[in-house]
Amino acid sequence: MDERSRPGWFTTLVSRRAVLATGTAALATPVALTLGAAAPSDSASARTGTVRKITMYAEALPGNLYGYGLEPGKATIPGPILEIYEGDTLEITLVNNTDRRMSIHPHGVDYSVDSDGSPLNASFNNPGETRTYIWRSREMFLASGRRWMPGSAGYWHYHDHAMGTDHGTLGIARGLYGALVVRRRGDILPDEQFTVVFNEMSINNQVAPNTPIFEANLGQRVEWIAIGHGNQFHTFHLHAHRWADNRTGMLEGPTDPSQVIDNKDLNPGGSFGFQVLAGEGVGPGAWMYHCHVQTHSETGMSGIFLVRAADGSMPPGAQEAIDRFRGHAHGTAATATPEPVPTQVPADAQGQHQHPPSG
Amino acid sequence: MDERSRPGWFTTLVSRRAVLATGTAALATPVALTLGAAAPSDSASARTGTVRKITMYAEALPGNLYGYGLEPGKATIPGPILEIYEGDTLEITLVNNTDRRMSIHPHGVDYSVDSDGSPLNASFNNPGETRTYIWRSREMFLASGRRWMPGSAGYWHYHDHAMGTDHGTLGIARGLYGALVVRRRGDILPDEQFTVVFNEMSINNQVAPNTPIFEANLGQRVEWIAIGHGNQFHTFHLHAHRWADNRTGMLEGPTDPSQVIDNKDLNPGGSFGFQVLAGEGVGPGAWMYHCHVQTHSETGMSGIFLVRAADGSMPPGAQEAIDRFRGHAHGTAATATPEPVPTQVPADAQGQHQHPPSG
Amino acid sequence: MDERSRPGWFTTLVSRRAVLATGTAALATPVALTLGAAAPSDSASARTGTVRKITMYAEALPGNLYGYGLEPGKATIPGPILEIYEGDTLEITLVNNTDRRMSIHPHGVDYSVDSDGSPLNASFNNPGETRTYIWRSREMFLASGRRWMPGSAGYWHYHDHAMGTDHGTLGIARGLYGALVVRRRGDILPDEQFTVVFNEMSINNQVAPNTPIFEANLGQRVEWIAIGHGNQFHTFHLHAHRWADNRTGMLEGPTDPSQVIDNKDLNPGGSFGFQVLAGEGVGPGAWMYHCHVQTHSETGMSGIFLVRAADGSMPPGAQEAIDRFRGHAHGTAATATPEPVPTQVPADAQGQHQHPPSG
């Protein structure tokens, strides 16, 4: 049975908790485990995860772009958020509906050379070709010396590694990328998830004022997944919210030494994620997120995190802020504005989530 | 009563411990708490901090620069170090004595959209205008899943977000920035504090040999606060001293996993801080601090950390080193030297500290 | 007695465990200590380490390059891996066999101004001159406030600080750099060690397809030491392997908050290291390592981590991958290829290891 046919597997801008509520006990049970209760296994293979099979479609999009999608005709930029638990396996049947060589290459998970997604290992789809890639994951396991080899949990990403060059430079530039989340059993699930990709001088191949307006209600638990691509170096800044510079963005306790930050380097091939409570301690409003490199923010790498009131209503001043943003001049006359990257993208590009199905 | 009139509130190059010694018990008491004794509260509002009210003045400086100051005519680059404990609130009445639109925008603390400091939220001072910005802070608090939402403690910074562009690009370029330190109860207080801002191709809008010579006596506890601004990417390196890459620069204990470093990326909008014991294990002398990007250090992003003998006397060789530094040619003929940023700055620019007053 | 004459001090591409097996009990004993058993001392001087004396030679190499070596005529790029335990002292007699001023400057360890390696402190070798540099190290020690001042353990590096400019820009550009590893008692020792230096647009002053092919057998514990130099900013990515972003690359346990990564910023003056089990969970094969900045990987900052079968045999497909790599066109016609840096280097450049001798 194709996992994609299960309820909850395709979800668009729905609350994560709603997904769980309508999901099966098989998923709900591990989620209820806290980290303390969920002792890591003492070998990489002790806990057998679920094998999830999905089909992904690579397609051309208007504006000379490309995208990944979970159904034909539904490709988006960024592609769908893929999400598993440590121990799970993702079997991805990739249908290449473009007229170019392309592939899918993941960060953070395990794969054999056949699933590397690189031309180096002859692991790619020719035009029109369908190919299956297998990504495995694991829990941490104890090595000699009382230290643990890390498990797969993390805010990772996937991207093309074959279009245009042996490094997928053309595919990445034109939109073939997305978020991959591997959770530990017991990790807190968010209400909303946003993928923010700093790709060259764009955010998700858009420049302001067409960059995403991410929305949440006051107090919702929001997960940000930030990914860097291209040739430029950036710093991601979010107004009025902060996170711990570690695996989850939260602290393990009073002796967790992690620095707390609100601005982080976001450079090619890198990714990180964190959860915040929307507007917590600061209230609702139109909050900026942007690259903090001055010329980058001014030439379009800026967007809005709209925190609505708890009841979903528009807070005072927010619409005026959005109107200002949409009329934003992006820099002064003295600032050279680079040619924007192509930005047309399907209307639901931000909303195509993929939650882990029940096992 | 204006907090600024209290003893210790304005201090210039005085020992921090001296401030404490002459301060009131109200400050000394929380300082004496160790982290172990100061258990975080179980809600964000459990500990009510102090409300500190200050007035800041934005002013033009010679050399086409601008600065923030705590008194009229006393603006500096960088601005004063603002320092609070988690739970405290800073109420800043900002007097704009410039002829341009400008604001103050903090990193790391809590503020409503009114205090955002961004034109997006119509939060700025027109020329000649006075406006109050409120920054709140909090302790960590327990969220679901046995994890803690981070508190405000950190080595943060503040800067203009409105001059020249909607991102404050002109104000930042010309000196409108400074350090903001939020401490946890029980954090160790330093004897000396240095603010180092890598702003474009300058350090604190200065290039060598006019970059700051930071001074301490052997064994003094010195706090470095490093901030990045502008469009360039940098790496901060300090000779003969190292720190843990975490919140404090020190280790929590033998199982603290933090990497120990002496070179760290310092990029636009980012900041970090750490404490070292001056010359500890290496002795006094003229120690270099510099950007480790080769052309950056050669074209002026280099300075001296002068560790004097414990009695304050000049150690052997240090004056010769300083003389060499002042005659420094900065690169070879083969190195293109960029036009330096304007560098004139008041003589006491490095010394304007602002310690937390007694509550 | 010169430490260099002891067995195990010079080793070329031999297994680290083999070194230990043929080494002396004096080394084997501390290695067997786990971190839990090896409580840090409560003062910096409590444990007196070993003083290791070595002679290093700086020499010209073909292709207008320079290198450090442990014997005359044996200079390599990068230089030998220098490795000590916290508490040890390295006394390096540096023989400058070049016709230029040069020095050796370490990161992470303790040295007086005499051993700074900087012209600022008149600490360098004139052409033909021999000079001794002393590097000390220490364990962490408890400071006030229940926090620990960090010890010296880390993946550090050394480099010239005097050739061409006062910052050693010419010496670094031409190959005068190497890895310095300071271990804590109880740290796990690797089977293989690789030094990867992203220096301008090269890896170890080589561009693909001449970049190193690092080799290990399936399951071997491999230590990567990554160092950044020059003026460019980079991100280091390794396929199919991941590590914790902390001191060791491993986790202390389930509550270690470190992010797990497979892509990390690697910028001038910075360094990090980690250990992986070669091919663990993914199998043998030709795995790419590369800078993830697209134009950097395409113009030559890419190499191969060849994981052989456990018996050392070539895995299926690996030779084909290497052949593809060697025929690699490096980018498309549309990509401007910068002039490569000089790349000739002695054949054994990757194999010159220096393990800590017995005490």
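Q: Before we start, what kind of model is it, and how is it numbered?
A: It's a predicted model, where local features need pLDDT of at least 70, side-chain atom pairs count only at pLDDT 80 or more, and totals for chains, interfaces and linings use all residues. Residues are numbered from 1 along each chain as its sequence is written, chains are lettered from A and ligands numbered from 1 in the order in which they are written, and side-chain values use heavy atoms, with hydrogens and water left out.

Q: OK, how many residues are in contact between chain A and chain B?
A: 59 residues of chain A touch 60 residues of chain B, with contact meaning heavy atoms within 4.5 Å.

Q: And what area is buried there, between chain A and chain B?
A: About 4600 Å², with carbon and sulfur atoms giving 55% of that. Buried area here is the accessible area (1.4 Å probe) that two parts lose on being put together, summed over both.

Q: How many salt bridges cross from chain A to chain B?
A: The rule finds four across that interface. The rule wants a side-chain nitrogen of Lys or Arg within 4 Å of a carboxyl oxygen of Asp or Glu. One is between B:Arg147 and A:Glu252, at 3.1 Å from N to O.

Q: Which strand of chain A gives the most to that side?
A: Strand S21 of chain A, residues 285-291, with five residues on the side that touches chain B. Strands and helices are DSSP runs numbered from the N terminus: helices are H or I with at least four residues, strands are E with at least two.

Q: Switching to chain C against chain B: how many residues does each put in?
A: Chain C contributes 61 residues and chain B 58. The area buried between chain C and chain B is about 4600 Å², and carbon and sulfur atoms give 55% of it.

Q: Which three residues of chain C supply more of that area than any other three?
A: C:Leu120, C:Arg147 and C:His167, which supply 19% of the area that chain C buries against chain B.

Q: How many salt bridges in that pair of chains?
A: Four between chain C and chain B. Take C:Arg138 and B:Glu280, whose side chains meet at 2.1 Å, N to O.

Q: What about salt bridges over all chains, how many?
A: The structure holds 39. Inside chain A, A:Arg52 and A:Asp88 form one at 2.7 Å, N to O. A:Arg52 is in strand S2 (residues 51-61) of chain A and A:Asp88 is in the loop between strand S4 (82-85) and S5, so the pair ties together parts 36 residues apart in sequence.

Q: New topic, sheets. What's the strand order of the open one in chain A?
A: Four strands, S3-S2-S5-S7, with mixed pairing; two strands pair if DSSP finds at least two bridges between them. The edge strands of chain A are S3 (65-69) and S7 (130-136), each pairing on one side only.

Q: How do S5 and S7 of chain A run, parallel or antiparallel?
A: Antiparallel: seven bridges join strand S5 (residues 89-96) of chain A to S7. A:Val95 stands opposite A:Thr130 in S7 of chain A.

Q: And chain B, what's the order in its open sheet of four strands?
A: S13-S12-S15-S20 in chain B, again listed with mixed pairing. Strand S13 (202-203) and strand S20 (271-277) of chain B each have a single partner strand, so one side of each is left without a neighbour in the sheet. Strand S12 (residues 192-199) and strand S15 (residues 221-229) of chain B pair in the parallel sense over eight bridges, and B:Thr195 stands opposite B:Ile225 in S15 of chain B.
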